[in-house]
There are 2 protein chains.
Amino acid sequence: MTFPVVGMVGGGQLARMTHEAGIPLGVRFKLLSDGPQDSAAQVVGDVVVGDYRDLETLRAFARGCDVVTFDHEHVPTEHLRALQAEGVVVRPGPDALVHAQDKGVMRERLTAIGVPCPRHRIVEDPRDVEAFAAEGSGFPVVLKTVRGGYDGKGVWVVRDVEGAAEPFRAGVPVLAEEKVDFVRELAANVVRSPHGQAVAYPVVESVQVDGVCDTVIAPAPELSDELAAHAQQLALTIAKELDVVGHLAVELFETADGRVLVNELAMRPHNSGHWTQDGAATSQFENHLRAVLDLPLGDPRPRSRWTVMSNVLGGDYPDMYFAYLHCMARDPALRIHMYGKDVKPGRKVGHVNTYGDDLADVRERARHAADYLRGTIQE
Amino acid sequence: MTFPVVGMVGGGQLARMTHEAGIPLGVRFKLLSDGPQDSAAQVVGDVVVGDYRDLETLRAFARGCDVVTFDHEHVPTEHLRALQAEGVVVRPGPDALVHAQDKGVMRERLTAIGVPCPRHRIVEDPRDVEAFAAEGSGFPVVLKTVRGGYDGKGVWVVRDVEGAAEPFRAGVPVLAEEKVDFVRELAANVVRSPHGQAVAYPVVESVQVDGVCDTVIAPAPELSDELAAHAQQLALTIAKELDVVGHLAVELFETADGRVLVNELAMRPHNSGHWTQDGAATSQFENHLRAVLDLPLGDPRPRSRWTVMSNVLGGDYPDMYFAYLHCMARDPALRIHMYGKDVKPGRKVGHVNTYGDDLADVRERARHAADYLRGTIQE
């Protein structure tokens with residue numbers, strides 16, 4: 001057998017769905033998971049349980065892998081540099097990945113290559129935050145720890161100098177950003193291979209609720225062709241300039257005056273790309289695998305006029321399987337993607353995809369299924 | 001967790017692809033495999049290596065499974081009856097499955113319920129074959145061992161009484177059938193649940209080469225609506241009358257005078273349904289799982305005008321992975337499904353799916369990829 005072994009660090013749902021996408025390709029999949037019951041560990045054959053923060057564990061795991069890639073951004077950059085120096089193929093590489101790990105490094109680099117970002121500055125203390133606000137249009141100001149945040153964690157919207165104290169308590173550098181007055185959030189997702197080939201998915205709208213992605217609409221409704229092409233071009237430029245290999249999600253703010261500003265980067269499959277599993281000719285998971293293996297990339301084009309993804313969050317009812325009966329009977333074309341996670345209130349435990357020609361109908365079906373699975377509605 | 005455990009007996013590609021389809025549903029998948037490197041065993045987490053012909057092995061495997069289903073028809077019927085008597089949920093059940101295990105039982109039952117079959121009779125020896133031939137239009141006659149055949153194995157086309165000796169050597173009852181003068185082969189695939197819900201996939205054309213399925217075209221080109229509906233109705237009738245649970249493939253001969261006769265039955269996902277992975281709203285694998293779990297069935301409708309599946313057979317070149325470079329670059333929308341099997345000449349090691357609006361183009365793309373992966377062409 002000459003089929004390569006892909007080593008995936010992290011046992012979350014992204015690893016689970018990447019494994020699923022890799023089965024048809026015949027590639028061998030090896031998982032480094034925190035625990036034996038993590039989302040991906042439940043469905044993968046070759047699982048190593050270990051701590052990704054430990055270099056020796058990573059080293060042992062990487063032996064026998066043709067390429068190592070990631071389900072999350074939390075592997076210490078210095079460990080990745082050490083592995084790379086020892087000949088391990090790490091994709092995306094640490095020099096790219098650091099921009100998804102450290103928001104300060106990301107802002108500095110994007111600004112240097114001319115990518116539009118919110119006004120920003122590393123701040124030292126609450127007084128510095130006050131100065132940053134005064135330099136612009138005042139409070140509110142967004143504060144972010146440069147490392148470790150996700151899904152709204154590690155992010156504060158502060159309205160005055162007193163409110164600016166908490167972010168500094170973690171001892172991590174803090175980035176201040178203007179609070180952008182956006183009309184909506186978009187995501188421009190691209191995939192790039194070591195060969196330099198890249199594909200761009202349609203730009204999508206991402207609807208956030210309480211700082212967590214709730215629904216993604218592909219393509220973003222009523223987005224002008226010009227702004228869509230501009231956003232895709234920005235994402236392709238970032239992928240090239242930062243030498244990204246794999247899937248790159250560029251989260252964007254669309255402003256009232258028709259511009260886009262980069263919010264966040266993720267260098268892995270991303271929630272804003274889950275719609276591609278049922279809505280695109282090639283899913284983000286398969287294209288991520290193809291990219292890290294330096295295979296030619298797959299067609300990113302949509303298969304339906306509209307595809308909508310809604311996340312399924314944990315609610316008060318732990319038995320989501322029972323809800324399948326109603327959801328599947330109501331909508332035989334509903335696509336359910338569950339992660340094998342225990343239900344906890346507010347936790348992402350799955351998502352649903354719907355597609356079709358009528359956007360209102362497609363949205364309603366996704367909304368209903370996500371709410372019914374969560375237990376918010378009982379119909 | 002209340003998600004059920006599906007026990008799959010058999011570690012071949014059908015089990016592999018059923019596992020893949022089960023990951024998004026969040027169902028637990030447990031595999032009984034002949035060996036740790038079988039196709040499905042490579043990609044499943046929970047694998048028991050054991051012999052499906054041994055009742056104690058089956059019994060131990062079935063413990064903790066909410067339902068037991070199959071990748072092949074070879075589990076002894078009496079073992080399945082024993083398991084069922086002990087309370088194991090076996091789907092399809094032995095009373096249904098026996099019709100896919102024993103061609104003699106199948107012919108008798110189908111004839112009894114009025115399903116058109118080729119003229120047939122259980123024969124005792126070569127002289128009896130000669131008598132069978134004389135009762136109809138003479139030789140050639142098709143002889144089949146009633147159990148154990150697949151992909152052309154266990155089937156002989158005999159042209160005279162001397163040629164009729166070999167099939168009797170195995171000591172298995174032999175079924176004689178008229179050699180049907182068909183214009184092409186079709187398959188009518190349906191899925192049925194214990195609730196009695198059933199869905200019918202579009203009727204497909206199956207192009208055989210040397211007795212092995214080579215290409216499947218969905219839907220069957222230029223098939224009249226009347227004959228398509230008739231074939232679907234036949235398959236639904238068989239599923240109901242035989243109390244099939246899960247996927248039922250009904251292989252059909254289309255005759256020059258516009259009739260269909262049943263050739264073979266399979267009560268599991270089937271090669272003639274692989275196109276559904278990329279061509280239907282719900283794949284045969286997912287619908288098989290939904291059926292054995294008694295969940296509402298998924299939409300069987302096609303997503304594209306045409307979908308074509310071509311099998312990838314082993315050729316002289318063992319390194320199919322290298323051929324990915326060319327195939328993926330030439331056709332970014334090509335869907336590759338490999339089974340993780342070692343390449344042996346003539347062995348089914350994977351398949352490709354293509355879809356689109358232009359049948360000639362869709363066929364050419366599938367043909368080219370299958371031939372290139374096999375090494376028959378080098379372009």
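Residues are numbered from 1 along each chain as written, and chains are lettered from A in the order written. In this predicted model local features need pLDDT of at least 70, side-chain atom pairs count only at pLDDT 80 or more, totals for chains, interfaces and linings use all residues, and side-chain values use heavy atoms, without hydrogens or water.

Me: Why is B:Asp128 called buried?
Reply: Happy to explain: buried means under 20% relative accessible area (1.4 Å probe, protein chains only). B:Asp128 has 17% relative accessibility, so it counts as buried. The residue sits in helix H6 (residues 126–135) of chain B.

Me: What makes B:Glu286 and A:Arg335 a salt bridge?
Reply: The rule asks for a side-chain nitrogen of Lys or Arg within 4 Å of a carboxyl oxygen of Asp or Glu. Here the closest N and O atoms are 2.7 Å apart, so the pair qualifies. Across the interface of chain B and chain A the rule finds two salt bridges.

Me: How do you know that chain B and chain A are in contact?
Reply: Contact means heavy atoms within 4.5 Å. By that criterion, 50 residues of chain B are in contact with 50 residues of chain A.

Me: What makes up the area buried between the two chains?
Reply: Buried area is the accessible area (1.4 Å probe) that two parts lose on being put together, summed over both. For chain B and chain A this is about 4,200 Å², and carbon and sulfur atoms give 54% of it. On the chain B side, B:Ile23, B:Arg303 and B:Tyr321 lose the most area to chain A, together 17% of what that side buries.

Note on methods:
Helices (H or I, at least four residues) and strands (E, at least two) are DSSP runs, numbered from the N terminus. Buried means under 20% relative accessible area, exposed over 50%, partly exposed in between (1.4 Å probe, protein chains only).
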